[in-house]
Amino acid sequence: MLQDFSSATLAEARPSVVATERLTLRRPTLADVRTIARLANDRRVAENTRRLPHPYSQDDAVEFIRATAALGSETVFLIEHDTGPVGMVGIDCSSPDNAELGYWLGVEHWGQGFATEAARGAIDFFFEEFEDDHLYAGARVTNPASRKVLEKCGFQWSGVQLHRFLALGSSTPVDCFRLSRGVWASLKSWSSARRVR
């Protein structure tokens with residue numbers, strides 16, 4: 001992140017809800033534990049997400065929700081469709097000047113355009129609320145669907161790096177992408193997410 005925000009500033013910058021055409025992005029709560037654990041406890045999801053362990057238990061979900069509830073350098077949204085959770089999307093600002101978009105969907109929700117729509121909502125939130133000029137993201141080279149999501153959102157390929165994946169227990173090649181504020185602004189023709197307070 002380009003600048004340090006106080007806890008009060010971070011709390012103010014986090015909306016309670018971001019709405020897109022078909023989705024609602026909101027903070028996860030302990031009431032979501034069972035569903036998050038069910039969606040995340042699929043090796044196909046974990047193998048494409050750096051920080052998800054496999055197997056993924058309800059205890060893992062509780063720990064995750066408690067960590068996201070504490071003010072910090074990450075903004076996390078539960079993705080809902082028709083009032084049911086389908087996955088997660090978030091922005092990690094823990095590395096200065098290197099805010100990173102991340103997302104995952106439960107396997108039964110793949111191929112419906114939810115990842116692109118949720119990513120666009122999170123991207124809009126990020127560029128509207130923070131002053132960073134760039135947002136970064138990555139996708140395993142073996143995950144063309146995720147790379148396609150990033151490209152549809154305007155991200156431009158910037159190279160390949162090795163990243164460690166918890167579920168794999170090893171490092172694997174990741175296509176790295178970058179989205180500039182200028183490109184985002186020029187692509188704002190997508191349906192803007194709106195915040196609901």
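These legends accompany close-up views of one predicted protein model. Local features need pLDDT of at least 70 and side-chain atom pairs count only at pLDDT 80 or more, while totals for chains, interfaces and linings use all residues. Residues are numbered from 1 along each chain as its sequence is written, and side-chain values use heavy atoms, with hydrogens and water left out.

**View 1. The whole protein.** The protein has seven helices and nine strands (DSSP runs numbered from the N terminus: helices H or I of at least four residues, strands E of at least two). Of its 197 residues, 46% are buried (under 20% relative accessible area; exposed is over 50%, partly exposed in between; 1.4 Å probe, protein chains only). Take the contacts (heavy atoms within 4.5 Å) between residues at least 6 apart in sequence: 65% join residues at least 24 apart.

**View 2. Strand 8 and its two partners.** Strands pair if DSSP finds at least two bridges between them. Strand 8 (residues 170-180) runs antiparallel to strand 6 (residues 134-140), with seven bridges. Here A137 stands opposite F177. Strand 7 (residues 156-165) is also antiparallel to strand 8, through nine bridges. V160 has D175 as its bridge partner in strand 8. Four residues separate strands 7 and 8 in a hairpin, and G169 in the turn has a positive phi of about 70°.

**View 3. Helix 6 and its buried face.** Helix 6 (residues 144-152) buries S146, R147, V149 and L150. Down the helix axis these buried residues fall within an arc of 155°, so they line one face of helix 6 (the arc is that of the directions from the axis to the C-beta atoms). They pack against strand 5 (100-105), helix 5 (114-129), strand 6 and strand 8. Exposed A145 and K148 sit on the face turned away from the buried side. Just after helix 6, G154 takes a positive phi of about 100°.

View 4. Rings of Phe, Tyr and Trp (its six-membered ring) pair if their centres lie within 6.5 Å; planes under 30 degrees apart count as stacked, over 60 as edge-to-face and the rest as tilted. The count comes to five aromatic pairs. F126 and F127 have ring centres 5.1 Å apart and planes at 70°, so this pair is edge-to-face. For F126 and F130 the centres are 5.8 Å apart and the planes at 35°, so the pair is tilted. F126 and F130 are both buried.

**View 5. A charge over a ring.** The charged end of R140 sits over the ring of F165, 5.7 Å from its centre (NZ of Lys or CZ of Arg within 6 Å of the ring centre and within 35 degrees of the ring normal).
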